[in-house]
Amino acid sequence: MAGGVGGGVSPLGPAPPMWYHRDLSRAAAEELLARAGRDGSFLVRDSESVNGAYALCVLFQKHVHTYRILPDEEGFLAVQTSQGVQPKRFKTLPELVSLYLQPSQGLVTTLLYAVDREETAVSDDRDYSDGEDEKPPLPPRSASTSTPPGPDTPTDSAPAANGLSTISHEYLKGSYALDLEAVKQGACSLPHLNKTLVASCKRLNGEVDKVLSGLEILSKVFDQQSAFMVSKMIQQSVNQGGDQELENLVTKLAILKDLLSSIEKKALKALQDMSLSSPCSPPPLSMRHSKAIPVQAFEVKLDVYLAELTKIGKSQKYTLSVDVEGGRLVVMKKVKDSQEDWTTFTHDKIRQLIKSQRVQNKLGIVFEKEKDKSQRKDFIFASAKKREAFCQLLQLMKNKHSNQDEPDMISIFIGTWNMGSVPSPKSVASWVLCRGLGKTLDEMTVTIPHDLYVFGSQENSVCDREWVESLRAMLKEQTELDYKPIAAQTLWSIKIAVLVKPEHENRISHVGMSSVKTGIANTLGNKGAVGVSFMFNGTSFGFVNCHLTSGNEKIARRNQNYLDILRLLSLGDKQLSSFDISLRFTHLFWLGDLNYRLDMDIQEILNYINRKEFDPLLKVDQLNLEREKNKVFLRFAEEEISFPPTYRYERGSRDTYVWQKQKATGMRTNVPSWCDRILWKSYPETHIVCNSYGCTDDIVTSDHSPVFATFEVGVTSQFVSKKGLPKSSEQAYIEFESIEAIVKTASRTKFFIEFYSTCLEEFKKSYENDSQSSDNINFLRVGWSNKQLTTLKPLLSEIEYLQDQHLLLTVKSLDGYESYGECVLALKSMIGSTAQQFHTYLSHRGEETGNIRGSMRVRVPSERMGTRERLYEWISVDKDETGGPKGKSTLVSRVGHEYVKSVHSTLNPTYWSFKFWEPKQDAPDGDPSISKNSYNNPAYYILEGVPNQSAAALSPELLPSPTSTNPQVAKAPAPSAGARTKPSYVGSGHSHSRRPMTGTLNRPPPDFPPPPLPKGALEMVAETPFPKSRPLYPDLAEVRIPAASPAPPLALGEGFRRGGGGGGVGPGALDDQSCSVLQMAKTLSESEFPGQPPRAPSAPPLRGQPMGIGLEASRTFPPRNPIPESIAEDMPEEALWGSSSSSLSVGESSVGEWLQRLGLERYEQGLLHNGWDDLEFLSDITEEDLEEAGVLDPAHKRILLESLRQQQPQQQQK
């Protein structure tokens, strides 16, 4: 609740009025007023920009006007006025509002209709635990603890709970007058004050005694004189009391001060004397290195093309031996008569590792043969896991023998486990070694220590210190290293602990900890979250461990838990208070028992689990469904789930799920579910790769299985310029040519932008926007020209420093100084002499609120351009080879160095997307009558997913890999005749939620789809698969919001088919070829809002399913300068989805549809994983290939091969 008023009067009066909505968000307030729909409707909420202030929101002519109500020094409230206008002051909010209920008081309209808050019933919040207990468990003795304590750690108790504060108030109210009277009568002491101080310091007295007792032993060893005084003081304190108790405390504090300041010097001298008279002892365990990594050998085959086989005969077998400690790679091959030929390469002669995107177990190695000459050899490993293990070992070798003082990359282990309120077993080694089910590490690398270990637990009944010490002991047993705890935070039985390698301890700084309660009425800590944040050199990390509301049906409550945690968890840089925690850190990891369940009949769930078919279950996973609607975890990523549900097992076994429990209120059902999850969100253009994600199968004390994940994360150093501070002529600049934003709001105020970055000395502000327009009530377009935007001067001007920096932007209103959306931009892509364009989404309080685009450049002086290759850039992903074996995917990938260069030379298409709402469909044929758009706002369609017409233009690392199966994927209808579609795994909107990219850079989130191809490209696509170059984006000035003219409702789900067939909007309906998003928004809004009852949620939106509007209507922004080369020129022929000349025509357009017709869709993932993702090449598949793809049933193999044979004549006729 907002701050109080002087004199002890509550600013809300005796009771909070119903029009006061507490901490309601700005967006939610606008929704409530829009729902009210009458001019003069109003409400009051807490200000988002100033603590203790309020915001008065008024609806007038369909626009929301916001007035700030600020308290002054005396606590009186007043509406903020223009400069020079005398404000009217009030003691309480009701008094203030009562004045403006009268006409002509200076507001845009008189306050007429109060919009009351909706009271939530407490009875619905009876969330105690996962159905195990009837009442919430009692909190531990210390409800919230943190180790070690941080200076900014928030406390859960109010200041009034402090004993000194309470007793002092009592003295000032009562005994103070008695002492004053005594002094007037000539007294020389203050007995009542003395008594107050003794009572206040009672706990301090006891603590001092404990400390002195503990130091007594050390004193006897190193400082005999102090030891005598300590013993004497402890003895005296037993019998002392009364008036001398306070004096005795002061004496003890003085002795403690002297003892602490002298004992270390005396102890050092004593130990030095001992060392001279005794032989050298081995170093303590904490100083030893981890056990040496043994030499590891990998059996591989040299990959050769068909033309080369005639020269060298059969493909030869090789052995690659990696000596991490010695810094050598030995390449050995067998020759005739069992002789061996080998070549040794030192770590500095291995120039690059190149992963094949198409063949998951193939790796290219570039060796330095002579000066400036190199040779590349491609090897085929036994499996993709073996290839990853080899790469990890070579990275370790490079890092170990690097001449860099600071690391470029670290490895992080993250584990989450609901312990079920029982102690853990003696050994949980499988958890920290990532052994079990799902995506696990190879045995060759499983014992290599990680740099950071993060353990999150829920329902953990073990005390804090014992828990942390048990983790340290376990890590020491596995790694022989003494890991250092840098932070531990607890909220009741929710705990998080972070431990770091000893060598990194001094690289950790700015440690912060916090907790948020989300239990009953947000006051109980049985549910909630704990968080830890810190800097690792120059990279910021955040970790959140949560336990959300349980119960199959409480999805909305869980969503609200998440939003409360996002908003209230106090972590990271305090300067970034305008941003929620998802934007405060370079890398944010969110783990815990999220408690989202599966929406499916229990027997069906059990059948799928028994068959190890997880894809149908992931499609009904509540977390995936809510993320698909953008309701939670906006733009977070999660590795593909390939392990069974981790809850609810029978304790003592992992063979049986227990899904029913008899309760006093009846039978409770807890279906098996993936409650325990690990997600993450990283800044764009950073390096992060998830190497494992799974659960254990041998820890059975709880009804949950522990979950683990490991990450390879790029980090930056605390940069120190070798050239000193830049002169004015050497200063780097960040310059903006223009910025334009579209924000979701009914307000029509003016806006400004604030810029934050660690590379800036302080945050900077723009001037107010100089252009503003809208033809839709719910959206506003605002623009800033160059003269309104300030030039930013970074602290350092080296390109090596700037390419690791990011810029945070927040769009704020002039009327309330509240944020309407925030975003983050990477400077790396913006460095250059010419301006680069950017485009990304805006979000606020976990909700997507608009998008922002513009043109900027980062100018770096030539003398500061020197840089170096990062360790994670040493491994790149290859463009797919052209001479590889037939039957494999041939999508072109842009990753590694090639992709980085393309960012500078052309516009990055992944930055440009206007997002359309995709219709939810239950019926297979896309019946428009069931296509609804009411997620949480009648105008929420603008940013909720997009038809991915040009998905093939994206590099594969930005798309789900062939092994990925999105839980939200539904089969699209068959394309129009002659059209060709890619398999269903080429998804749209939120594909990254299922499979994060595996390239060397964390590009803009993969759910940024590319823009639709220009109209011209669509017209030419039938003529040639490679259209000539055309400008892809229009000028910023050309983009306009279409007029809100009456238009018939769009037939959602019809038209807009891939291949550009029929179904478009007729001529004249949308003749504006620029941005038709707001026209879409208006039409959808009119078709549903206001006046229609809320619709029940239906199926999730289709992935890759286009909207029912004409293709021309979805054109987005062309650029200022033509792109040198067309995106289509980088794509293979089959990637052009509009091509009508495709040779593929076997009855279906994708492998998935073919398998579905045969009733064998379960094999889709295996075939795609092995590269059989194109029906054109399936005619070459053999029985062995099918077995490798997981088709082991002889009958199924016969069905598949017979189907392909029948289709061959049809293909030949084509």
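Q: What percentage of the 1214 residues in the chain is buried?
A: Buried residues make up 56% of the 1214 residues. Buried means under 20% relative accessible area, exposed means over 50%, and partly exposed lies in between, with a 1.4 Å probe and protein chains only. This is a predicted model, in which local features need pLDDT of at least 70 and side-chain atom pairs count only at pLDDT 80 or more, while totals for chains, interfaces and linings use all residues. Residues are numbered from 1 along each chain as its sequence is written, and side-chain values use heavy atoms, with hydrogens and water left out.

Q: How many helices and strands are there?
A: The chain has 23 helices and 37 strands. These are DSSP runs, numbered from the N terminus: helices are H or I with at least four residues, and strands are E with at least two.

Q: Turning to helix α2, which of its residues are buried?
A: Leu93, Leu96, Val97, Leu99 and Tyr100 are buried in α2, which covers residues 93–100. Seen down the axis of α2, these residues fall within an arc of 155 degrees, so they line one face of the helix. The arc is that of the directions from the helix axis to the C-beta atoms.

Q: What covers them?
A: The cover includes β1 (41–46), β2 (54–60), β3 (63–71) and β4 (77–79).

Q: What about α9: how far apart are its end C-alpha atoms?
A: They are 24 Å apart, which agrees with the 24 Å that the 17 residues of α9 (residues 384–400) should span at 1.5 Å a residue. The expected span is 1.5 Å times one less than the number of residues. The buried residues of α9 include Arg387, Phe390, Leu394 and Lys398.

Q: Changing topic, how many salt bridges does the count come to?
A: The count comes to 44 salt bridges. A salt bridge is a side-chain nitrogen of Lys or Arg within 4 Å of a carboxyl oxygen of Asp or Glu.

Q: Which residue does Asp621 pair with?
A: Asp621 meets Arg677 in a salt bridge, at 3.1 Å from N to O. Asp621 lies in the loop between α14 (615–618) and α15 (622–628) and Arg677 in strand β25 (residues 676–682), so the pair ties together parts that are 56 residues apart in sequence. Both Asp621 and Arg677 are buried.

Q: And which residue does Glu848 meet?
A: The side chain of Glu848 meets that of Arg635 in a salt bridge, at 3.2 Å from N to O. Glu848 lies in strand β36 (residues 847–859) and Arg635 in the loop between α15 and β23 (660–663), so this pair ties together parts that are 213 residues apart in sequence. Glu848 is buried, with a relative accessible area of 1%, and Arg635 is buried at 5%.

Q: Which residues form the salt bridge network?
A: Glu469, Arg472, Lys476, Asp482 and Lys484 are linked in a network of salt bridges.

Q: How many disulfides are found?
A: A search of the whole structure finds 0 disulfides; the cut-off is a pair of cysteine sulfur atoms within 2.5 Å.

Q: Is Cys546 buried or exposed?
A: Cys546 counts as buried, at 0% relative accessibility. Cys675 also counts as buried, at 0% relative accessibility.

Key:
Contact means heavy atoms within 4.5 Å.
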